[in-house]
Amino acid sequence: MNTNAENRDMHYLQLLSNSFPSIAAASTEIINLEAIMNLPKGTEHFLADLHGESAAFQHILKNASGNIRRKVSELFKGYIRESVIRELCTLIYYPEQKLGLIKEAEGDNMEDWYHITIHRLVTVCRDVSSKYTRSKVRKSLPPDFAYIIEELLHERSDDQDKAAYVTGIVETIISTGRADDFIIALCNVIQRLAIDQLHILGDIYDRGPGAHIILDTMRQYHSWDIQWGNHDILWMGACAGNNACICNVLRLSLRYANLTTLEDGYGINLVPLATFAMDVYGDDPCTEFIPKILAGNTLDEKTLRLTAQMHKAISVIQFKKEALIFKRRPEWQMTDRCVLDHIDYERGVYIVDGKEYEMKSCNFPTIDPANPCELTEEENILMERLHHSFRVCEKLQKHCKMLLSHGCMYTICNQNLLFHASCPLNADGSLKEVELYNGQRFSGKELMHNIGMMIRAAFQNDTPQEERSYDRDYFLYLWCGKDSPLFDKSKMATFERYFLTDKTMYKEEKGYYFQLRDNEEICDHILDSFGVVGANRHIINGHVPVHASKGENPIKAGGKLMVIDGGFSEAYHSETGIAGYTLVYHSRGFQLVQHEPFTSAREAIQKGTDIKSTTQLVELSTHRMLVADTDKGTELQNQINDLRQLLYAYRHGIIKEKK
């Protein structure tokens, strides 16, 4: 043992021997890991651009993107009626609520119903647990019923020697009054085991009313990750104290008359904004700022007018706050987006490159034409209050910490490269270098990694003040910068859409990634640069809704790229013609599940309705994939190799076995 490497190896083996102190212990672990390697690969689900649609999202988790319905149909088709299959699935999705309705309908026949239903649920649970080790299943079981469920899963009523044993267990569950609790527990286990890993490709926030509910759901979820989207970054920037991000968050919420997440979810006090808006814009019709009203969200005329006034008030402050950052960071080359500097306030026209554009209105009572970006005293006071509300909101801070602990700019998992929107490219398809802090330039994987480090540093108190200030400012660039991997467009034409009549000014030119991503060679180049290897590797994105109603295919570049933003948000349903995608990656390959709009949980419970989903085969494997074929398999193989070295050390007396 002369070299440093040998010394390190010996030190590692000595540490490993603490966990496996004997030949017997090490051998048993090798046997266990080798067995796991031969299990089928767990099922991964990929979702993108949830945009606050918490009810649809929660239902898709409950029904595993239609997979539970498929399994129940396969298990019982020909044995029970279709209506009974539908009832059983609804029970699995919403056990507490459905049990109440069933008790009303069944009356005194509940004991028979309990017997039949428990046996059926055990059959379903046995099927969804078949991919996992007993140990993993055991960890998923509720403590109160862990032993009973485990016994029922591994004993069969058709085994004559055990029939009385199994029947006795079920009868005792019923006679002790625990049938309801047991059924609820069993249904939750089925939901839990149907999805092994959940990947969210960004944009939990904005548009829909339940972003906070989605994140509360994820706090309890067993295994998930997120690749941050531009809307997530916007809220994270607001949480970190970037005032321009705070303004954008408020503006988007007001644009869709969606204040539920702000007020009910996070308790953000909007009274100061409402008071300010009524004082300053009381005589302004604010026509351009009338919110978009989604189905099921009605506002009376007075509320609609106040919302429009608040919408305009925060938008003007946003344009000011953004301009201050753009001027502070000239290296971003975004000073042309200091939009208030381009207005001729006397004539009411917008001037760009010497060309004049007609404005819909030019009523800006808080703007000094000599210094358009300066906030009034009242605006400064308002922003201080709003800033304080976001910074002291405990729940928002907790949710941002969750996004940091479970998230990153990109992930590589089982030969799949996941990121929300874009990997900036040059016109020739080569990776584009983007400047970050202190003039450092990065592209591809290094760009994504360093942006992720900046985002984390913005929340760290030990980050040097100057660097931390830049990192906080950079949230705005990630939101709307032309070389941002989360935006990648020529501009964000917010001001133009509100104020200019010429619709050619609304156009946002997409970056080269979006123009070239259907090229298989370009996708291969990106995958190579990120170090993704394997014959069946893919890029998976969200961000840009796929217009399925117009025949757009979410599968691009000869199957190398999958775009899974199908328009979860109701605001996109008319555009996409559907209500979202789930990409499912199981042991036999990829399936793309296309969802129709979700009505409501109440209708699902009462009428047994489900999200209507269409499944499209994307790519089937030539053999059933095992754990050995996954990243987890590589990790387990490394552990096996280490344990074999430990065995060698024990058997040759290099390390002594412990008692």
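A pocket is understood here as an open set of grid points, on a 1 Å grid over the protein atoms alone, with protein on both sides within 12 Å along at least five of seven lines, and its volume is the space filled by probe spheres set on those points. The structure described below is a predicted model.

In these terms, the second largest pocket has a volume of about 680 Å³. Its lining is made up of 27 residues, and those that lie nearest its centre are Tyr-132, Lys-136, Asp-196, Val-627 and Lys-632. When the lining residues of the second largest pocket are sorted by class, 7 are nonpolar, 10 are polar and 10 are charged.

Four helices, namely helix H13 (230–240), helix H14 (243–255), helix H22 (494–499) and helix H25 (573–576), each provide at least two residues of the lining of the largest pocket. By class, the lining of the largest pocket comprises 14 nonpolar, 9 polar and 15 charged residues.

Turning to the sheets, an open sheet of 5 strands is found in the order S8-S9-S12-S14-S13, with mixed pairing. At its edges stand strand S8 (410–413) and strand S13 (555–556), each of which pairs on one side only. Within this sheet, strand S12 (residues 538–541) and strand S14 (residues 561–563) run parallel and are joined by 3 bridges, and Ile-539 is placed opposite Leu-561 in S14. Helix H24 (residues 520–529) lies across strand S9 (416–419), S12 and S14, and the helix runs at about 95° to S12.

A further open sheet consists of 3 strands in the order S4-S5-S6, and its pairing is antiparallel. Here the edge positions are taken by strand S4 (343–344) and strand S6 (355–358), each pairing on one side only. The antiparallel pairing of S4 with strand S5 (residues 349–352) extends over 2 bridges, and in this pairing Asp-344 stands opposite Val-349 in S5.

Note on methods
Residues are numbered from 1 along each chain as its sequence is written. This is a predicted model: local features need pLDDT of at least 70, side-chain atom pairs count only at pLDDT 80 or more; totals for chains, interfaces and linings use all residues. Side-chain values use heavy atoms; hydrogens and water are left out. Ala, Val, Leu, Ile, Met, Phe, Trp, Tyr, Cys and Pro count as nonpolar, Asp, Glu, Lys and Arg as charged, and the others, Gly among them, as polar. On a 1 Å grid over the protein atoms alone, a cavity is a set of points where a 1.4 Å probe fits but cannot get out, and a pocket is an open set with protein on both sides within 12 Å along at least five of seven lines; lining residues have an atom within 4 Å of a point. Two strands pair if DSSP finds at least two bridges between them. Contact means heavy atoms within 4.5 Å. Axes are lines fitted to C-alpha atoms, for helices over the stretch in contact, and angles run from 0 to 180 degrees between N-to-C directions.
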